[in-house]
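This report describes a protein model for a reader who meets it here.

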Amino acid sequence: YLPPTERATQIENLITNHPLVQRLRSDPEWTESRPHLRMPSVMQQHSLTASTLMGDTKIPVPPIMFTKGDKGEELIAISYLGADLCGHVGIIHGGMMATMLDEGLARCCFAALPSKVGVTARLEIDFRRPTKCEGFVVLKARTQRVEGRKAWVKGRVEVLPTGEGKAMRKEGKGEVAPYDERGEVLVEADGLFVEPKWAKKLPAFARPT
């Protein structure tokens, strides 16, 4: 992946060099991916998360995702959220956070479903703290149980710590500085995902990657 702008390059470097990313890359139980980059272009251009929400002042670089094992056990995704995703000034829109959790929890459990694809049947969200824009966040999800075509998943979004007990936030001048939050939980969610009966008929290119 080659970031398209200088700003995106800096954000990409900060994410890829973060201690959490380095640790997950060195652990053979975790597999790294960037699902949005693997979508066929015909699908990508019409995707909310792979196209509409991407951009230098929105989500400048595709989130890096790590999945544990091959049975849909856990997922960790690291993202940067820009100023053009706000509801209130300086605060990321709640709908954006819900979208992140919806997709993150779903991707977490896909591998546990018979046809490796599912849709959201229920999503309950608790907003714990405002999510400030121009900051790094980490989404963590874990599949709780699976029954046939149903999977229950729990997850949360946290401020991404620097690895030194302080959180990361990119300042307007380009530097990264610590601020008050120290990896606190921002949003929590519980979801139920169901593999639809028509899933087996989906062509390979239309399946989540």
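In the hairpin of β5 and β6, two residues lie between the strands, and G148 adopts a positive phi near 60 degrees. Strands, like helices, are DSSP runs numbered from the N terminus, with at least two residues (E) for a strand and at least four (H or I) for a helix. The model is a predicted one, in which local features need pLDDT of at least 70 and side-chain atom pairs count only at pLDDT 80 or more, while totals for chains, interfaces and linings use all residues. Residues are numbered from 1 along each chain as its sequence is written, and side-chain values use heavy atoms, with hydrogens and water left out.

β5 and β6 (residues 150-159) run antiparallel and are joined by ten bridges; two strands count as paired if DSSP finds at least two bridges between them. Within this pairing, K140 has R156 of β6 as its bridge partner. β5 (residues 135-147) also pairs with β3 (residues 74-81), again in the antiparallel sense, over eight bridges. There, L81 is bridged to G135 of β5.

**Overall composition**

Five helices and nine strands make up the secondary structure of the protein. Along the sequence they follow the pattern α-α-β-α-α-β-β-α-β-β-β-β-β-β. Of its 209 residues, 44% count as buried, a term that stands for under 20% relative accessible area, with exposed being over 50% and partly exposed in between (1.4 Å probe, protein chains only). Among contacts (heavy atoms within 4.5 Å) between residues at least 6 apart in sequence, 71% join residues at least 24 apart.

A nonpolar core is a set of buried Ala, Val, Leu, Ile, Met, Phe, Trp, Tyr and Cys residues joined through side-chain atoms within 4.5 Å. The largest one has 31 residues, and L81, M96 and L139 have the most contacts inside it. Two or more residues are given to this core by each of β3, α5 (94-109), β5, β6 and β9 (185-194). α5 supplies the largest share, eight residues. Beyond its neighbours within four places in sequence, L81 touches residues including I92, M96, M97, M100, C133 and V137. A second, separate core of 16 residues includes I15, V61, F136 and L160.

Helix α5 has 16 residues and spans 23 Å from its first C-alpha to its last, close to the expected 22 Å, which is 1.5 Å times one less than the number of residues. Twelve of the 16 residues of α5 are buried, among them M96, L101 and C108.

In helix α1 (residues 6-16), the buried residues are R7, A8, I11, E12, I15 and T16. They lie on the same side of α1 because they cover an arc of only 155 degrees around the axis, taken from the directions from the helix axis to the C-beta atoms.

**Cysteines and a proline**

The structure holds zero disulfides, a disulfide being a pair of cysteine sulfur atoms within 2.5 Å. Two cysteines are set out here.

P161 is placed in the loop between β6 and β7 (167-170). P161 is partly exposed, at a relative accessible area of 27%. Its C-alpha atom is separated by 5.1 Å from that of G183, although P161 and G183 are 22 residues apart along the chain.
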